[in-house]
Amino acid sequence: MACTSLVKLNASSSQWIGKQSFNNQGSTRPTFHRLAVPIQARSYTDELVQTAKLIASPGRGILAIDESNATCGKRLASIGLENTETNRQAYRQLLLTTPGLGEYVSGAIFFEETLYQSTTDGKKFVDCLREEKITPGIKVDKGLVPLPGSNGESWCQGLDGLASRCAEYYKQGARFAKWRTVVSIPCGPSALAVKEAAWGLARYAAISQDNGLVPIVEPEILLDGDHPIERTLEVAENVWAEVFFYLAQNNVLFEGILLKPSMVTPGAEHKEKASPETIAKYTLKMLSRRVPPAVPGIMFLSGGQSEVEATLNLNAMNQHPNPWHVSFSYARALQNTVLKTWQGLPENVEAAQRALLIRAKANSIAQLGRYSAEGESEEAKKGMFVKGYTY
C-alpha cells in the first residue's frame with residue numbers, strides 16, 4: 001500500500017511524470033493495483049538501518065576514493081607519477097592513515113583494488129578505517145557504456161554477478177556500496193536514459209541490501225551545458241521521481257539507503273553563476289518534493305566544483321533544519337589540494353594529511369552550518385570542472 005500511495009503522490013504532483021511515466025494511455029508501464037502481497041523481510045534490515053544512521057552522523061561525511069585505476073592514473077599523472085599499483089597504494093595509504101580523520105569522516109568508498117590492499121606495514125586498509133570508526137564502502141558498478149537507441153547517452157553496467165560480488169565485499173569488511181550512473185542535460189535527457197538509470201539503480205539497491213550493504217543511490221546529473229538552474233531543477237525532479245518509483249517497486253528499504261545527488265546548479269557554461277544561497281534554495285526545493293524523510297542521509301557529490309564552492313554550497317543548505325542529514329561524499333573536493341601537496345614524495349606525506357584534515361574539517365563544519373571561507377587558499381578556490389569528464 002505504501003508503494004501504491006507513493007506512486008499516486010508522485011503521479012499527481014509532477015506534470016512530467018504524469019505525461020511520461022504514469023500516463024496509462026500509450027504507456028508501456030502496466031497499471032498497478034492494490035494487492036495484499038507480503039514483502040519478505042530482509043535478514044540484514046536492522047544492520048542496514050544502523051549502518052545508514054552511523055554514516056549519516058552529525059558533522060561527518062564520506063571520503064570518496066573509488067576512482068577506477070584509469071582515473072586514479074590521471075590524478076597521479078598530474079603530479080608526474082606513473083599509474084602503478086605501488087603508487088596507487090601509496091596515495092591511498094596517505095589518505096586512509098591520516099590521524100584523526102574519523103572525527104570528520106564517517107565512511108570511505110573504495111575501488112575494488114583498495115578493499116583488498118594493506119599498508120606497507122601489512123595492516124588492511126579496512127582495519128585502518130575501523131580504528132578511526134570510519135565505515136568501509138565499495139564501488140560496485142562496472143562503468144558507463146553507450147545506450148543504444150538514445151541521444152548519445154550512457155547506461156551503467158554491473159548487475160550481472162552483483163549479488164555474489166556484494167557477498168564477497170561484505171566478507172571483506174565493506175558495509176555500504178555505491179553505484180554511479182549519469183544523466184546529461186545537453187543530450188535531452190531522453191525518457192529511455194532516465195528510465196534505464198532509475199531501474200538500474202533500483203535493482204542494484206535491492207541486491208545490495210539483500211547482501212548486507214547499504215546502497216548509495218547516485219544518478220549524477222552532469223554539470224555540462226549552458227542551461228539555467230531552472231532547467232537543472234526540472235530534470236532533477238524528473239530523475240528522482242523515476243528513481244523513487246522503481247526503488248519502491250523493488251521493495252528497497254528507504255531507511256537503509258543513502259543518496260548521492262548532484263546539487264542543483266546552472267550548467268557549467270551558463271553565463272550567470274548562482275550564489276550558494278540560490279543553489280541551496282533550488283536543491284532543497286528538489287529534495288523536499290522528491291525525497292521521503294525516511295531516507296537518513298543526503299551525501300552530495302561535488303561534480304567538478306572547486307573545494308571552496310562545494311563547501312560553501314553545503315554550508316548554505318544547512319542553515320535551516322532538514323528532515324535528512326545533509327552532508328558530503330566528495331572526491332576531488334577533498335583531495336585536490338592533498339594531491340598537489342604530496343607530489344609523490346614521502347617527506348610530504350604529513351603535510352598532505354594535514355591538508356586532508358583541513359578540507360574534511362571545513363566540510364564537517366559546513367554540515368553543521370557554521371562554515372566560513374575566510375582564510376581559504378587560492379588553490380582551494382580553483383574550479384575542477386572538466387567538460388565531458390569520464391570517471
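Buried means under 20% relative accessible area, exposed over 50%, and partly exposed in between, with a 1.4 Å probe and protein chains only. Helices are DSSP runs of H or I with at least four residues, numbered from the N terminus.

This is a predicted model: local features need pLDDT of at least 70, side-chain atom pairs count only at pLDDT 80 or more, and totals for chains, interfaces and linings use all residues. Residues are numbered from 1 along each chain as its sequence is written, and side-chain values use heavy atoms, without hydrogens and water.

**Helix H5**

In H5, 9 of the 12 residues are buried, so this helix is largely enclosed by the rest of the structure. Among the buried ones are Asn87, Arg88, Tyr91 and Arg92.

| Helix H5 | Value |
|---|---|
| Residues | 85–96 |
| Number of residues | 12 residues |
| First C-alpha to last | 16 Å |
| Expected at 1.5 Å a residue | 16 Å |

The expected span is 1.5 Å times one less than the number of residues.

**Thr114**

Thr114 sits in helix H6 (residues 112–115). Its relative accessibility is 0%, so Thr114 counts as buried. Neighbours within four places in sequence aside, Thr114 is in contact (heavy atoms within 4.5 Å) with Arg92, Leu96 and Phe125. Arg92 and Leu96 are also buried residues of H5.

**Helices H9 and H10**

H9 (residues 191–210) and H10 (residues 229–249) pack at an angle of about 40°, with axes 8 Å apart. Axes are lines fitted to C-alpha atoms over the stretch in contact, and angles run from 0 to 180 degrees between N-to-C directions. H9 is therefore oblique to H10; angles under 35 degrees count as roughly parallel, over 145 as roughly antiparallel, 65 to 115 as roughly perpendicular and the rest as oblique.

Technical notes: Helices (H or I, at least four residues) and strands (E, at least two) are DSSP runs, numbered from the N terminus.
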